[in-house]
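Reader: I have a new model open on my screen. Could you show me how to read it, feature by feature?

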Amino acid sequence: MTPNPAPPEVAAPVRDRSPLPDVLRGVALAGILIVNMQDFAGFLPWEQRGLDRAAQVLTDTFANGRFISIFAMLFGWGAAGLLARHGVGVFLRRHAVLLLIGAAHYVLVWHGDIISNYALLALGLLLTAAMGARTLLVLAGGLGLWWLGGMLMEAAAGAARTGPRWAGLPAIEPSYAANVAERAQDFWPMLTAGNLYNGPWLLALFCLGAAAQRTGLLTRPHDHRPLLRRLAAGGLLVGLPLGALLAYLNTRPDAAAGLLAFPVRMGGGAAAALGYVGVIGLLATSGRLGPLIHFAASGRMAMTNYLSQSLLMTLFFYPYAGAQGGRWVQAAREGGDAFVYAGGLSIWGAAGGLGLALLVGLCQLPLSAWWLSHFGRGPVEALVRLAVYGRGARTRDTSDPPPSVGTP
């Protein structure tokens with residue numbers, strides 16, 4: 001299947017930009033940081049007690065798997081819009097640039113990169129360019145159910161498995177150079193394995209985003225109030241109980257609980273993500289976004305802010321820099337030593353991590369607004385635009401939604 005002929009790459013300025021996609025992206029970015037703190041700081045959920053346990057339950061119920069699902073859907077929404085407006089050439093150039101940025105992020109900063117995974121898997125959207133919204137929804141449902149079914153079968157097969165749940169956590173080398181060398185060696189094997197394992201699920205989320213692009217759900221939410229109400233009610237009705245189940249599973253250290261927690265996290269996360277989109281979309285249609293509107297600036301600089309979060313947190317927590325990760329334990333490895341997670345942070349447990357994530361995420365809001373008021377787009381976003389279009393290009397940033405008259 002081939003996409004429709006691309007329009008010229010010169011576009012007029014956006015006059016009526018819907019705030020909903022930017023707000024959703026900014027909210028998702030803050031939520032992702034809350035969940036990623038568990039990795040940055042090195043604490044284990046089932047070892048939390050007291051206030052830390054309460055913070056962990058809140059994180060698992062309302063954030064874990066939810067915001068990364070919104071982020072993936074928005075990625076699919078933006079990629080589908082880019083393909084429809086500018087054609088295959090620009091689409092391939094942009095995602096090649098994103099793959100390079102993701103590789104640099106993984107190797108130089110943090111092993112939890114998602115940009116490279118998204119950039120590579122987005123090539124699957126080339127096969128969907130001529131599909132309508134209904135077909136995309138059917139495809140998303142098929143891919144999602146296939147992946148969830150496989151994960152549940154794996155969990156059932158491992159129900160009697162014994163042993164520690166997180167035996168495979170990556171070690172942190174004592175020096176920055178050693179970490180870079182380790183991650184450089186692991187990048188392609190991890191990228192390939194991750195996309196094979198999670199690819200159907202991520203493609204399902206991309207297809208949901210592409211369906212939203214076809215219907216104008218995010219750029220014209222006032223035209224879709226009944227759908228937004230159904231998303232809000234149905235998504236939260238399914239997603240929140242599964243979030244509570246995830247919180248319970250994350251109090252258990254056995255491998256069997258870990259196997260079940262993964263599909264519960266992703267299935268409940270996607271449902272709750274749709275619920276959040278419904279709720280925030282309804283607020284946008286009634287002009288009642290209130291303080292949420294401030295997340296729009298962060299959303300317009302999502303890639304810059306995402307990379308900044310990784311850089312700040314690894315410098316703060318990892319043993320080669322700030323070493324604030326509590327009880328890092330140095331363990332002998334073949335060819336040298338490495339620091340491995342011991343769990344149970346001395347200060348930065350789940351409650352402290354949640355507070356720090358909220359502080360950093362909220363600080364990014366006024367900083368993003370200030371930067372945009374002076375420079376128009378984030379530094380990484382400007383770099384991507386330059387690499388894709390070249391110097392002097394007058395094209396609207398391809399992550400922007402098309403103009404939509406009458407949006408709130």
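Predicted model: local features only at pLDDT ≥ 70, side-chain atom pairs only at ≥ 80, totals over all residues.

Reader: How many helices and strands does the protein chain have?

Author: Helices (H or I, at least four residues) and strands (E, at least two) are DSSP runs, numbered from the N terminus. Here the protein chain has 12 helices and two strands, in the order α-α-α-α-α-α-α-α-α-α-β-β-α-α.

Reader: What share of the residues is buried?

Author: Buried means under 20% relative accessible area, exposed over 50%, and partly exposed in between (1.4 Å probe, protein chains only). Of the 408 residues in the protein chain, 52% are buried.

Reader: What span does helix α10 reach?

Author: The expected span is 1.5 Å times one less than the number of residues. Helix α10 (residues 302–317) has 16 residues and reaches 22 Å from first C-alpha to last, close to the 22 Å expected. Its buried residues include Asn305, Met313 and Phe317.

Reader: Why does Ser298 count as buried?

Author: Ser298 lies in helix α9 (residues 295–300) and counts as buried because its relative accessible area is 2%. A contact means heavy atoms within 4.5 Å. Leaving aside residues up to four places away in sequence, Ser298 touches Gly26, Leu29, Asn305, Leu365 and Ser368.

Terms used
Residues numbered from 1 in each chain as written. Heavy atoms only, no water.
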